[in-house]
Amino acid sequence: MGIVGWIILGLLAGGIAKLLLPGRDPGGLIITTLIGIAGAFTGGWLSAKFLDRPIQTEFFDAATWGSAIAGSFVLLVAYRILFGNSRR
């Protein structure tokens, strides 16, 4: 799976993470989307590095989706903790 595949996966994973963690985000839709893309990359890298799970070349691999969604979720929570109250 190439860079475009990871970006698409990140967009979808960010949307799923947003559905799992509803509420108002400090950065809006664009920041949430970028967090989803970063979370997909981060989740995939951490999965490959520490869980000894190689990055798959297929787009529809359940472990790849799980790591991308988990990475997006964690980054979204961290972003809300860091910047959640700064826009009031």
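Student: Let's start with Ala-68: which residues does Ala-68 touch, not counting those up to four places away in sequence?
Tutor: Ala-68 touches Leu-9, Ala-13, Gly-39 and Ala-40. Keep in mind that this is a predicted model.

Student: What makes a touch count as a contact here?
Tutor: Heavy atoms have to lie within 4.5 Å.

Student: Which residues make up the largest nonpolar core?
Tutor: That core has seven residues: Trp-6, Leu-9, Ala-13, Ala-40, Trp-65, Ala-68 and Ile-69. The elements giving two or more residues to this core are α1 (3-20) and α3.

Student: How many helices and strands does the protein chain have?
Tutor: There are three helices and zero strands, and the pattern along the sequence reads α-α-α.

Student: Where is Ser-67, and why is Ser-67 called buried?
Tutor: Ser-67 sits in helix α3 (residues 62-83). Leaving aside neighbours within four places in sequence, Ser-67 is in contact with Gly-39, Gly-43, Gly-44 and Ser-47.

Student: Now the rings. How many aromatic pairs are there?
Tutor: The count comes to two aromatic pairs.

Student: Why is the pair of Trp-45 and Phe-50 called edge-to-face?
Tutor: The ring centres of Trp-45 and Phe-50 are 6.0 Å apart, and rings pair if their centres lie within 6.5 Å. Their planes stand at 85 degrees, and over 60 counts as edge-to-face, so that's the label for Trp-45 and Phe-50.

Student: What makes Phe-50 exposed?
Tutor: Phe-50 has a relative accessible area of 60%. Exposed means over 50%, so Phe-50 qualifies.

Student: And why is the pair of Tyr-79 and Phe-83 called tilted?
Tutor: The planes of Tyr-79 and Phe-83 are at 45 degrees, with 5.1 Å centre to centre. Under 30 would be stacked and over 60 edge-to-face, with the rest tilted, so Tyr-79 and Phe-83 land on tilted. Both lie in helix α3, four residues apart, about one turn of the helix.

Student: How do you know whether Tyr-79 and Phe-83 are buried or partly exposed?
Tutor: Tyr-79 has 19% relative accessibility and the buried cut-off is under 20%, so Tyr-79 counts as buried.

Key:
Residues numbered from 1 in each chain as written. Predicted model: local features only at pLDDT ≥ 70, side-chain atom pairs only at ≥ 80, totals over all residues. Heavy atoms only, no water. Buried < 20%, exposed > 50% of the residue type's maximum accessible area, 1.4 Å probe, protein only. Core = buried A, V, L, I, M, F, W, Y, C linked by side-chain atoms within 4.5 Å.
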